[in-house]
Amino acid sequence: MVKEELKLGWNNNQIAQKIAFDIPEGAYVNLGIGLPELVASYIPEGREVIYHTENGLLGMGKIPEVGKEDYELINAGKKPVTAIPGACYFHHADSFAMIRGGHIDICVLGGFQVSEEGDLANWSTGETDSVPAVGGAMDLVSGVKTIFVIMQHTAKDGKPKILKKCSYPLTGKSVVDRIYTNLAIIDVTKNGLIVRELAPNVTFEFLQQNTEAQLSQLTK
Amino acid sequence: MINKIVGNLTDAVSDFFDGAILMIGGFGDAGSPIELIHAVIDHGAKDLTVISNNAGSGHVGLAALIEHKRVKKIICSFPKTANSKVFPDLFFKGEIELELNPQGTLAERIRAGGAGIPAFYTPTSVNTPLAAGKEIRIINGKENVLEFALKADFTLVKCKSADRYGNLIYNKTARNFAPIMCMASKTTIVQTQKIVEPGGINPECVVTPGIFVSRVIEIPNPASETNLVLENKKYPW
């Protein structure tokens with residue numbers, strides 16, 4: 001039942017477009033692996049944004065044409081990318097100085113779970129049947145000024161992913177600023193989770209039914 | 001005359017020993033010094049501790065070193081790749097130890113090791129399982145975790161150009177961990193695509209100053225890990 005109803009909301013490209021619209025001119029942005037990478041395609045025409053990839057490139061460009069891939073020019077997901085004119089390369093300690101030192105404006109990450117206090121779990125489900133791997137996620141959430149999370153509103157089995165407390169091991173505590181899901185855009189504030197925007201045909205009541213944490217509506 | 005250039009791979013790694021701590025540059029394929037790693041396999045040193053961002057792919061390079069059971073422990077941030085079977089197999093059998101570090105913490109531990117800083121506090125990983133058992137200190141009202149520097153006996157990296165002093169420049173994102181790893185070990189061994197005369201690299205553009213480099217070997221056409229994995233190659237050939 002829930003699955004059918006969840007089709008009500010935005011698709012992944014539409015969520016990415018919503019995020020892209022919220023990234024201001026001149027921002028230095030780090031996009032996580034997977035879903036967050038979609039965001040780059042939707043930055044409005046004429047708005048200049050510089051992409052950082054933690055493996056040592058500021059000024060990441062589009063995906064190369066087929067046959068022009070260079071495996072020494074890759075992104076954090078180890079996929080071939082290009083560099084824009086004006087790009088620069090640097091080593092890993094400098095790259096994470098940019099991250100940890102608060103020089104990157106916005107990071108968009110995927111999420112397994114987010115809590116009402118903005119705790120993020122996105123690296124491990126705590127199960128012992130897979131090799132643990134963390135990459136740069138913990139550094140990103142501890143150092144980047146603004147953290148956006150993009151994810152489906154509920155898990156594949158319909159269980160809420162926005163919770164009072166995360167049940168999976170944390171990536172960081174109180175780090176998320178805004179959550180973009182297929183159903184809504186939600187701000188994490190000192191006063192709790194505040195719904196900024198509902199996807200078309202999604203009611204606040206339906207959203208709350210699919211969210212464990214308490215939501216409140218933006219007062220206008 | 002200072003001349004760090006060595007003529008063959010056997011000489012480049014001749015002083016390896018069992019139990020050595022080894023840093024290996026690269027972020028996946030990019031910057032992985034495959035020929036030097038294969039030379040270490042040929043050398044035979046075992047019980048190695050490897051510090052590298054990943055744990056290899058396919059059956060070549062670092063994955064081959066692990067597959068030949070030369071590595072007792074790996075310190076890395078992301079031991080998973082699409083084509084990595086070797087590490088997970090040994091990990092689940094309990095035959096290789098894993099110390100997982102956040103990527104930036106790993107980089108800074110290496111940088112600190114090279115810079116003579118024994119330890120540092122960082123906010124990364126506080127309140128996560130990766131901070132378990134580590135000292136926490138509140139600085140400026142914020143929790144931080146104590147992390148210790150990493151140092152190695154040997155570092156293996158790949159670069160684009162080198163001179164006989166060991167001054168290096170890299171290629172694009174193949175630079176990644178190499179410059180900091182060169183600083184953090186007793187013996188740094190570099191495979192370069194090209195050797196140039198002193199002065200052939202603009203001093204304003206040198207990325208790794210020669211003082212951090214012990215040996216340089218020219219490998220003009222290094223293998224691509226991606227291609228070797230696609231061809232399902234296995235080392236030794």
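Strands (E, at least two residues) and helices (H or I, at least four) are DSSP runs, numbered from the N terminus.

Before moving on, note that this is a predicted model: local features need pLDDT of at least 70, side-chain atom pairs count only at pLDDT 80 or more, and totals for chains, interfaces and linings use all residues. Residues are numbered from 1 along each chain as its sequence is written, chains are lettered from A and ligands numbered from 1 in the order written, and side-chain values use heavy atoms, with hydrogens and water left out.

**The sheet**

Select residues 50–53 and 57–60 of chain A. These are E2 and E3, antiparallel and joined by two bridges. His52(A) stands opposite Leu58(A). Two strands pair if DSSP finds at least two bridges between them.

Step on to E4(A). Three bridges join E3(A) to E4(A), again antiparallel. Met60(A) faces Ala83(A) across this pair, standing opposite it.

Now show the whole sheet. It is open, with 10 strands in the order E4-E3-E2-E1-E5-E8-E10-E11-E12-E13 and mixed pairing. E4 (83–89) and E13 (215–217) of chain A are the edge strands, each pairing on one side only. From one strand to the next, the twist averages 30°.

Select E8 (146–150) and E10 (178–180) of chain A. They run parallel, joined by three bridges. Look for Phe148(A) opposite Arg178(A).

Contact means heavy atoms within 4.5 Å. Axes are lines fitted to C-alpha atoms, for helices over the stretch in contact, and angles run from 0 to 180 degrees between N-to-C directions.

**The contact with chain B**

Show both chains. The contact takes 37 residues from chain A and 44 from chain B. Together they bury about 3300 Å², 66% of it on carbon and sulfur atoms. Buried area is the accessible area (1.4 Å probe) that two parts lose on being put together, summed over both.

Highlight Glu72(A), His92(A) and Val131(A). They supply 22% of the area chain A buries against chain B, more than any other three residues.

Finish on Asp70(A) and Lys172(B). Their side chains meet in a salt bridge at 2.9 Å, N to O. A salt bridge is a side-chain nitrogen of Lys or Arg within 4 Å of a carboxyl oxygen of Asp or Glu. The count between the chains is two.
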